[in-house]
Every structure is written in structure tokens, then in C-alpha cells.
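Subject: Handing over the two-chain model

Dear colleague,

Please find below the structure I promised to pass on to you.

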Amino acid sequence: MLGWGGQTALNIASALAKDGTLDELGVELIGCNLAAIDEAEDRDLFKKVCEEIDLPVCKALACDSIEEVIAAAEELGSFPLLVRPAFTLGGLGGGTAFNMGELVEIASQGILHSAIGQVLIEESILGWQEHEYEVMRDGSDNAIIVCTMENIDPMGVHTGESIVVAPQQTLSDSDHQGLRDAALKLIRRLNIKGGCNVQFAVEQSTGDYRVIEVNPRVSRSSALASKATGYPIARMAALIAVGYTLDELPNPITGEGTTAAFEPTLDYCVVKIPRWPFDKFRTADRKIGTSMKSTGEVMAIGRSFEEACLKAWASLEYGKPHPRPLTMSDASDGETMDERASEKLPTALLEDWLRIPTDRRMGALIEAFRRGYSIEDVRDLTGGITRWFLRRFEKIAAIETEIRAAGEIGMRPAGIPGSEMRSWKGAGFTDLHIADALCGFPESGFKNLPTGQDETALRMRRHELRVHPRYRMVDSCAAEFAAVTPYYYSTYEGGSAESGVDYVPGLSSSVKQKIAVVGSGPIRIGQGIEFDYGCVHAAGAIQDLGHEAIIINNNPETVSTDFDTSDRLYFDPLTLESVSEILLREDANGILLQFGGQTAINLALPLANEMPHLSTMGLELMMEGTSPESIDEASDRERFEEFALRCGLRMPDGATATTPEGVRHAANEIGYPVLVRPSYVLGGRGMEILANYKQLESYMRDAYLSSDRPLLIDKYLGNAMELDVDAVCDGEEVLIGAIMEHLEEAGIHSGDSTCFIPPQNVPDEILEQVEEWTRVIGLELRVRGCYNIQFAIHDGLLYVLEVNPRGSRTFPFVAKSTGIPLARIAARVALGERLRDLDIPDPQTDAVCVKAPVFPFIKLRGLDPAPGPEMKSTGEVMGSHVRASAAYLKARLATEIPVPTQGGVYITVKDEDKYSMIPLAEKLKGMGFTIYATRGTSIVLRSEGELEVETCYRIAEGRSPDALDLMRQGKIQLVINTPRSTGGAVLDGNMMRRLAVELNIPFVTTMAGARMEVEAIKEALDGIPEPRLLEIKSLN
Amino acid sequence: MSESSSHGGFCPGDGIRGVEHPPTFPDAADPLLNSLGSEQPSGSKGVLLLADGTRFEGTLFGTEEIAEGELVFTTGMCGYQESLTDPSFAGQVLTFTYPLLGNYGVHPGISESSSVHPRGVVCKQHMTFPDHRDSVGSVHDLLVAHNIPGIEGIDTRALTRRVREHGTLLCVFGPAERADEMETILREMTPPDADDLVADVTCDEPRLLNPGATDEKGESLPRLAAIDCGVKHNILRELCRRFEVVWCPASMTLEEMNRDWSPDALFASNGPGDPAHPGAATDARKTLAAAVRQGMPVMGICLGHQLMGLAAGLRTYKLRYGHRGSNQPVMDLETRRVHITSQNHGFAVEDPIQGMLAPHPSGACSEVTDNVLGAEFKVRHVNSNDGTVEGLDLLDKPAFTIQFHPEACPGPHDASPLFDRFQNMVAEHLNRAGTEIVTKEGGA
């Protein structure tokens, strides 16, 4: 079955089929036929297919070389032209070219990234509407449309990068039926059995349309469509693949008696907004287009577009939970520039933000209407966003103005009349949004509203008025049938309804304990899918104990938001407001915050503060696991230092400062280099290693300091080895899941490091100390459940770097390496079980497991691909083998960056590494590689290592051949570059890394990495290591 | 995609081969064509009262008057103009479960009749600024032009669940200040089913829609008499592509049709109300039964199907809350294929074995009668959700009927091949009849 693993699976399976492997082994491809894949993926074939069945496609020409690209541009006539590489994931290497120069540049990248070296040069349909149809078909030719979706961003922005609405809003029935017929015709012609996604472009002013593409498999859009409708597309597609027909399958939503052969109908609006990493990657190009830059997405459901849109906004976790008037502080690429919050965003900048699609465009739309722009003005500036959507944003701005006006004439939260409260809540405004608007969006920010006018005051008033959300079931049938899906969203319906709690099947009769799990929200740098893994296990653990599990999350890409993962699923923002309302509605007995990453853990203190009020409304809630008090002790730097001192744990010298003078003073006291970061962050946001005073000053220009947002300054331990530990504590005992050794030295973010289980180079006595300290920290911090500790070993001494009182991103890696279901154990302990009462299986010890990071550098231009203290990876892979080198090789291969077995290696290392480089260079030479090096390095290699080395110029010398030339000429298959932090080498390093990323050449930046890379090459020359069966044991 | 029609009116004979001057009829959107801009609703408060005592508050749009009728809901996410102008909704107050109504406005030339048929419209949010190249006004404008009240801001989800749980029920809505008056109306209201709704919506006189229509070879198309029990325009369009169509009033008898028009085949349309009503629906049933007995090819849609069921000796009964929407799955028992169909009906034909499935709590159903068709039948289509009968095939007679709407509008086109099936059935019948005549003549 190859239709379920995205483009990766499709590419691998089709390669296996084409080279005859599958036939040879007698393996049948099911669920998708290869002809369909070729016809859908090969642009030329696809065009022929569409023409054959009279469906309109863009005029386009497939090209295998730059010469053909130029000829194609001449034939098509006018720019802009679209470049689409064939066979790539997420439109990698594609783009829009406005002139011949851009075309050649983009097309050369595209040819490189296409698995078949082909790009398509296409007439531009920029500005057309984009619509998507999710189609299912079975072996008996029953075919249905599961969901229609409309992109707010017009054509030119990848659908993964667009704000998407379901169902489509602006097509008439005859428009829609025309596209529906076309979609069905296509799936039948391609003979796809299972799910597929068809994209159309529609020119709104004429009704003209083009078929854009077909994804002959389950895709990102199918996940969204499944969550938007409740119809589990991937599961039904799998059942079809093994031979069922839709009419044989019971309807998964309405249950027995109805069948899966039906088309969902919605009585709500769904809005998806992509989550981009630009809040972390400040230097990356924010422009969005035909290739994917977002790392994740949020989805929200409402009974109006406005409500769904504002709920989605509140789910994004960008720092601003609702739209606010734009100022210069929003224009800062830095962490924040709150001091410029009094400067209104200049008109020219606002119009740029409307014109060029970026993550800022949605805020700019609302700002434009705030400033009185007309619908037509905004439509022109945005290159054709459909007026209907612009009206909705205009409406949001109008309601905001109404609230603001009420505030200006003296309305305070305590005096809001019931009808206004219902109407504003009905439009999707959060309590905080209303409070902020009533105060006139003060420059000092939404966090510092005056007492009596803040979010709490607003909430008290709303509760006094008995205005609560209603919870509606996502039932795929608009309430036509009684559904069995325990999948809900909140909505504030207008009108006169009393604070009603909606009917929940079986809720009132339930005598079980109800425990809520807060999910981790959108996938972003630092908070990936690993946290969803924990949430799913937490739900399972709750059910293991005979309780009811309730999941709250807003990410459509996750397993936690499958309606059968929990007893009840709430698809809602992860804010204090919406979580509190769900707890009230459920009359929940407990809440688990350890598994949803920083999103969930950040709710601990606010929720604890809210509890006195909630308990007056009858809520008796236990915060399960580690107490908010202990969480604070672990997370607050000064409190944790006291704790470490008390327990006799060594920490690097460090200090906390809230003023620039304080930071300077602390850095001088501690001594450079220092590691600087804001407190309470995940994924090392804003974390940097500063070598001297000059770098500190530069860092401070962008940093924002205040009493509630201090900076942490730590001694940077150079050349230290870093260890990660995941553990569980029940108050009496500690279970250490695993100790992980990082390949890279401390200072490189742990999320970006390659790490080994078990540790390979740590002396036993240090390991014993690690275990001891882990126990001390768990017991003394009174942890109940999971925690993660980062240690460093420097000059033979162990240091504690930080403690995270929650599940970490390495939990799944630990579980898969050791076979111990650590997340499940942690959740059960958090719920009150004792470790000694659990039948914990023995860990497997016969193999080494390696986790390697996967980076998004290829998609994000402007981002330096060198690892550092800020996390940059978006995912990870794992390899496992009895030999560490083979395990590493497997992980390296899985990153999809090739492991070279012949060719050239370019070596340029800093002076202290030059001698240790000699044995590695010798090994490489021995394996048949040609060694290239810069002058300094080659002198050492030649004279001390007696090695034959080709010398080339440093890039800064401006002479040929330099490293870039050699890389472009295809002479370099591996770069080993341990960067210096000063001089011309910095620039050299940057340019080489960037080019290596673009050419997909492996690039090693540490000596440890170089050693492992050489080992991996040796393994690769011996042949691909055999597979190993992994087993994760279950708890009874 | 859609052929955008910038002009109004309904002309089913237009564009048919061989037709020179086809007659044009009014379309419900026509009044909007020459209106000078649209006015926005006043935003007056309204109340909606249900027969079970439930009360909803909302805001009025359309005509600010009192509306009364049987409360039903449709689950289609678009196609509201087609639904609003579907004569089968006569007597009813129509709730749209999709919360946003009127996104793409009202378009000329796509209505299903010349007026708006529901007595009132209920929705969550009415869109005052529609956005579509073909739009000539908002739903509010359309309702005002046809003097129909609407109410928005209603929790239509709660309303739908009430209808689902209690069955269709009577309701009234209008200006909040007239709530007392409405309560009286609600107490005294009689079910609209008791009225002769078919007589209200049928055409006045027979008209030939596409005189002289031919096929691609230039040969005359067979002539069809289409009984209008409240026929949707798109049914007539579909028929005109395949037949020379005479649009006939519901009470016209087969003798009159034969005498004046000599049709080769008969069609019975959709329509509102109780199929067993003694008025025009019964007249149409007699015509249909006589045609079947005569051996004439017959097709029926929706009400036409129910009339066939009655004539076959099956009972018809009121459904709990009916099937209204664009996503009703129907299984063809012969091919085992499922079609996603457009539906709009509150009554059904009982299953010959399982009887009345998904009945209304009132238990309303027709008397037991004899099969007057002179032919046996079989159930060909069933609804895959609730098992109700969706289609009948007559055995040894060229006739079939279906409960759903192959003409779509609104809704999917999955079932449109059924018109071809009828066309082939008629052609085959005529061929056989021709052969028989030739044989007889040869024999003489």
C-alpha cells in the first residue's frame, strides 16, 4: 500500500515496482495502480489524460533541460510563467517567474529536485480561485465527494500555504456540480480505487476553469478534509484497497444501518491557517508561494466564517491571540519591538503586506478594513482575493470597531449588556479580544490591561450573564441523523438561547472519572508531532485505568484529533478560555498537561489561578501529575538555581537579568562565551552563543527585556558533551527511560542533535552520576509523571543544563529504542499509579539506536543551515542496528541526504581540529576518495599525515577554483567544515552550507559528526545493513 | 462550468435542434433583473414558534410579514435558489441547515419555477452582499420580490434536531411584536397537506415547449406529455432534449391528451403535498394509471413515483422528517451501484415487504387500495440510509418511477442517465410498435 505515506512512499514504491523488485518477490501493489500514479504525476501524461476526457488544463510544456525551458517560454508567449517540478514533495523547487532570468534560475533548481529531472513550464493562472475536491472511489465504481475546499489565497500560493475554507463558499450549485462531475470523471479515468484530491483553478469573472492537479493518494488535504467532515478518508481508503466497497462499509459516523457511500454535508464553516516558522526563523524569506514553508497548521470550526476564522487565529500561538491594530512592532523581524508599538504601521508597508503573500497578510487584511480601505482596493492590492472573503474580514473589523466605540463611551466589562455579549461572542471574539478592544487596544499590549477591564473581568461578566458556548457534534450530516462520533466544537450561537449546554450522548449517565488531555497545537519548530504521540498515549492510559479520556486540540494533522483516539474530542483553541469552558461542560475530574508540550504546560499556572472561580461554578478538578508549583520551580531560572544548590547539583554559572545593564554585567561576571536566551521557551527561541561584548550588543538590539520577560545568561561550556535523559517519577521511585548521548557538542540545540541510545562514549561513573542526579531531581522536585533533563559533561564534570517537567520530544525515540512504553507509563503514574505496581518490561539492549534530525533548509531561503543553539529541524528519523555505525548509516540514509561511497571530500577545519582530522582523511583516502582542502588544512594533512591532497582557494580569496566551483562541478560529494566564528571563514562557511543544501551534498560541521560520517561511509561500502524488527511492549 | 445566462426567463425549447420559436416563461429571478440596486433588510426582531412550544428569536429579512407552514429542513450546502423555487416546497417553511445563505446571490434563468414556493425561510446567517458574476440580487431581494418572509440568526442546528426528533411540525414566524397573533395562528393552523397544493402549483393550460424538435439525424423526436404536479424547470429542460414535450396541467385526462396531442409517452412530475390527496394529485394518478394500462411508456419522478406506487396498490405515508438535500445515497438493486442523489420529499411509498420505514409519529398514511396498473412491479432503488423505497420498475410494461431527482438542480448529476434510460425505453417501444404494424401490414 503506497498511497498512505505521502510522496516518499509513492516514490519508493513506484521505484520498486519499476525495477521489477515487487514482481520478483511476488508482492502486489494495492490501493493504487502505477499507471494512475504516472498519469497523475507526469505533467505531460496528465495533460493528455485531461484532454482525452475533455477537461481543461493549463497550457504547459514539460521540459527536461534549460534549453527546452527557454523554448517553452517563447512558445507560451507571456510572463509570468509557473515552474512546477515533476515528482517532488510539497512543490519543492517550484516558483513563479516574472522574467527569463528568474525562469532559468527557478527551472534549474526544479530540474535538480525532480525525481525524473523534469519541470513543467505553465501559463499563469495567478489570481484565479483555487478549489479542491476530496474524492473516494471503490472497486465497484461507486464514487463520492467527501469534501470541497476553497482557498482564500488565490492561485500562486500552494494550497498547503493557503488559508483554506471548507466547504467551498462562493460557487453556485451549477459551478460546483460542474467541478464535481470533472473530479469524478478524473478519478474514474485514472481508475483510482481509494482516495484522491483534485485541484481546480476557477476564474471567478468568467467561470472558466482549469484542472490543476490530482494527488492519486491520501494527502495533507485529505487529513484536513477528514477532520473538517468527520469522514475518516485514510481508513476508508485502506478498506477499499483490501477489497471492500463503500456500500458494504458501515458509515463510521452515523453507525450501523447507514453506509459509507454518502457525501458528508456540513452545517458549519471550517477554516485552516498554516503555521509558519518565521517567528523563529527571523532571517528567512517570509514570502509564501508555490513551495511549502509552513511546518504545520491549525483548524477551527464555527457556525460562521468569522467565528471559525478568529478561533483559528487564537489557535496559532504566534504571540498575538487575536487581531490587533498593526504597528511598527509587527514589522520587526526580531523577537519583538514593543517599544515601537506606538508607531502605526505606515501605509506603504501595509500595502506591501497586502500585495506580497506572507504570514502577515491575514492581519493586514483586517488592518486595511480598520483603516477604511474599500473591498475593491483590497482586492486589487491582494491580486484577486475573492470579495466574499474580503467582506468577512471587513465584518470582523466592523465588529471590532463597534466594541472599541462602546469602550470609548465608557462601557466596561461589568456593564456589557447580554445582547452585545452574545452578538460579539457569536462572531468568534474571545474574552481577551473583547476586553482588549474595549480598552482601545492599548500600546502596552493585551497582557497588561487594567484590572477590572481585563480578560478575567470579561469572563466574570460573561459567566454572570450565563453566556457559555454550545458544543456541536461534527456528524457529517448536519444533524439529519443521530450520529455516534464523539467529536465536538464550540460555538456561541446568537439569539436568545439560555446558557445552554448541548446534549451529549451518554454524558449525564456516565459515572466514570473524566480526565482531559491538552494537546500540543500546530506543528512548529520545537514542538513537533512527538508531542502528539504523548497525548495519544495519555488518552490510552486514562482509558486503561477505566476513566474517560477527553482530548482538546486544534491540529488536523494529528492522531489525537481522530475521534476514536479518545472518548470525546474537542476541536478547539488551546486557550485558557476555551479549555475552561470545556472543563465546565464536561464537569471534568482531572486534567493532564504534561504531554502537550509547552502549549499545555503554559496553561498550568493560569488554570490554577482560574480554579477558584471555576470551582464556584461547580468544577472539582485535579491537576494531574506534577503540580503547577513544581513546574514553576523547574522552569523559573532563579528558583531552579536555588533548588540545584540545595540538592548539590552542579550548574554552569548563570544569571537572570531584566535590564540591558544587568545583562552586560552578568556576561562580564560569568565570562565569555555566554549562552543567552529568554526564559520559558521551547526549541531555544532567541537563544544564541555570544563570543564577545560586540556580539552581545548586537543581540540586545533585537531583544526585549521587561520584568516579566527576563533574559537568562549562562556560561557556555565549549567542547562539552551533551546528554538527554527521559524519566518518570512517582514520588517514591524513578524510572529512567534512557540516557541519550548527543553526537554534537553542547550548545547545539538538543532537538537538532543526532543522538545515541545507549551512550557510546560516556564513562560508567558519569553514567552512574547521571542516574543519581536524575533520581534526585525527580524526587526533590516532586515530579509526578514524566520529565526530561539535559546534562553536559565538561572537563570530566557533570552539569545540569535544564529540567523540563513534562514529556519531551525524545519520548517516542526512547520508547522505540528500548521497547518500553514510556509515555504510557508516565501518564499512568501522573494519574496516580505507582511504578512498582506496573509490570514494566525489560528494555531491549541488543542494539544501538540513532536519532537524526531532518532540516527544512531547502524550503527556507535566507536561513543559515548551520546548527546552533536555536532549533531548526522540523522532524527526525531513526536507525537501529547492533553496530552503532550501521545504525547511524540507516538514520543518515533516512534523512534523504545521500551517503557518498566515492568521489571527492572537501575539508576545511579550524586549527584545533586540523590534527584530529588526519586519521579521518586517511580513512577517506583509503576508501578511494579524493581529498580537497584549503591551504591551511592541506598543509597539515600533507606534512603531518603524508596525504595526497588537492589544494583549492578559500572563497574569500576570490580565485578559482574554490569550494563552490568544485561543488558545482560535481567533484565534491561530502563537505567537512568545522566553522570558525570569525573572519572570512564565516562567510565561506555560510556560502558553502547554502550551496550544499541546494545541491543535496552532505555537510558535516563537527568533528564528532565527521567521525561518524566516515564510519557510515565504511558501512555503506560494505552494503546496506539488514533490517531489524522493533517491538514496543504494552503495559497490562 | 456553468453556462452563465445573462438573460432571464425560462425557455426549455431554446437550443433544441429543429425548434424555431420556442415559448418563453417567467423565471422567479426575473423581477430582480431590472431592479435598481438592492435594499438591505431592516434588521427587525422576529420570533419563530413551533407547534411543540419551542420559541426561537431572530432577525427578519425578506418580507416582514407572518409566515406559517410545515417546518422542514434541507441539508444541501449550495443550490438555495433552486430549492427556494422548487414547487415541491409549497406549503412549507424551509430551513437551510448550512449556516450561510445567499453567498453567491440570485442568478437569472436558473430558478426551478416562476416563483418562490416555501411560505417562509429560516437560516442562521443571510449574506447581504453576495459575490458571483451572475448575481442579480440577494436572497433577501428574491424573497421581497415574491412577498416571502425570512428569519435569520436562528440556531438551525437545534431546530433541525427538534424536527429530527419530533418529526416535521407546524410553525409560524414573523415580527416579534406580533407574537400573540402568531400564537393564535399556530393554534388554529391546519396542516398544509390537507390543501390541494398540486392544484396551486400546476400550469393553467397545455403548451408545446419545443415544437418540431428533431434528433441529430433530423428525425422528429417522440412526443411526450408531461404532467405538471409542480414540475421543476430542469426536468422540462432534460425532457426537451429527448422528446417533443407537451407541458400539461395536473388534472388533464389521458383522453384529452390523446385527443389533442397524441403523445407517445407520459411523464409525471414532482410536486408538493400528500400524494393521496383527493384533488389534482388523484387526477394525475388516474391519468398515469390509464397510460400504463394502455401500454404507453411512463416515467415518474418524486410525486410521480408516489402516484405510481398508489396505483400499484402500495400505500404512501408521511416520513418522519423526509429527505431533503443533495447527498442522499440511493442503491440500484440491479447494478448494486450507489448514486448520490438530490431529493426533496416528505412522503414515501411503502416497501411491499417491510412496510412503512421511517414513518412520521402521526402515522399518516393512505388507504389500502388495489393495483390498478394491470402489471406487477418490483422495487428497483432503495435509500441506503433508511431503506425506504426510491424507485419502482414495472414488469412487462415500459414504465419506471424514481423518488429522487435525476435532473439535479440543486444536487449531483449521478442519476441523470435515468433520462436516457427513459428515452431508450420510449425508442424501443416505438420500434417494437413499428415492427408490429409492419408485420400486421405484411400479413394482410
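Predicted model: local features only at pLDDT ≥ 70, side-chain atom pairs only at ≥ 80, totals over all residues.

Residues are numbered from 1 along each chain as its sequence is written, and chains are lettered from A and ligands numbered from 1 in the order in which they are written.

Confidence

The model as a whole scores ipTM 0.95 and pTM 0.93. For single residues the value to look at is pLDDT, the predictor's confidence in each residue, from 0 to 100. Chain A has a mean pLDDT of 89, with 95% of its residues at 70 or more, and chain B averages 94, with 96% of the residues scoring at least 70. Within chain A, the lowest confidence falls in strand β11 (residues 255-259), at a mean of 73, and the highest in helix α17 (residues 431-438), at 98; such helices (H or I, at least four residues) and strands (E, at least two) are DSSP runs, numbered from the N terminus. Please treat two stretches with care: pLDDT stays under 50 over residues 495-501 of chain A and over residues 440-444 of chain B. In the model, the stretch in chain A has 14 contacts beyond four places in sequence, whereas the one in chain B has zero, where two residues are in contact if their C-beta atoms, placed from the backbone, lie within 7 Å.

How the chains and domains meet

Between the chains, 48 residues of chain B are in contact with 51 residues of chain A. On the side of chain B that touches chain A, at least two residues each come from β2 (55-62), α4, β15 (316-332) and β16 (337-349) of chain B, and α4(B) gives the largest share, five residues. That side of chain B divides into 19 nonpolar, 18 polar and 11 charged residues, where Ala, Val, Leu, Ile, Met, Phe, Trp, Tyr, Cys and Pro count as nonpolar, Asp, Glu, Lys and Arg as charged, and the others, Gly among them, as polar.

Chain B is itself divided into domain 1 (30-189) and domain 2 (198-430), with bounds that come from an automatic or database domain assignment. The centres of these two domains of chain B, taken over C-alpha atoms, are 28 Å apart, and 23 residues of domain 1 are in contact with 26 residues of domain 2.

Two buried helices in chain A

The buried residues of α17(A) pack against α15, α16 (418-426), α18 (455-464) and α20 (576-586) of chain A. After α17(A) comes A:G440, whose phi is positive, near 80 degrees.

Helix α13 (residues 361-370) of chain A is also mostly covered, with 10 of its 10 residues buried, and these pack against α12 (347-355), α14 (375-381) and α15 (387-408) of chain A. A:G372, which follows α13(A), has a positive phi as well, near 85 degrees.

Two peptide bonds in chain A are cis: the one from A:A166 to A:P167, with omega near -10 degrees, and the one from A:S960 to A:P961, with omega near 0 degrees. A:P167 lies in the loop between β7 (164-166) and α7 (173-189) of chain A, and A:P961 in the loop between β34 (950-951) and α33 (963-968) of chain A.

Which residues other than glycine have a positive phi? One is A:A479, with phi near 75 degrees, and another is B:R336, with phi near 60 degrees.

With best wishes

Conventions. Buried ≥ 20, exposed ≤ 12 C-beta atoms within 10 Å, placed from the backbone.
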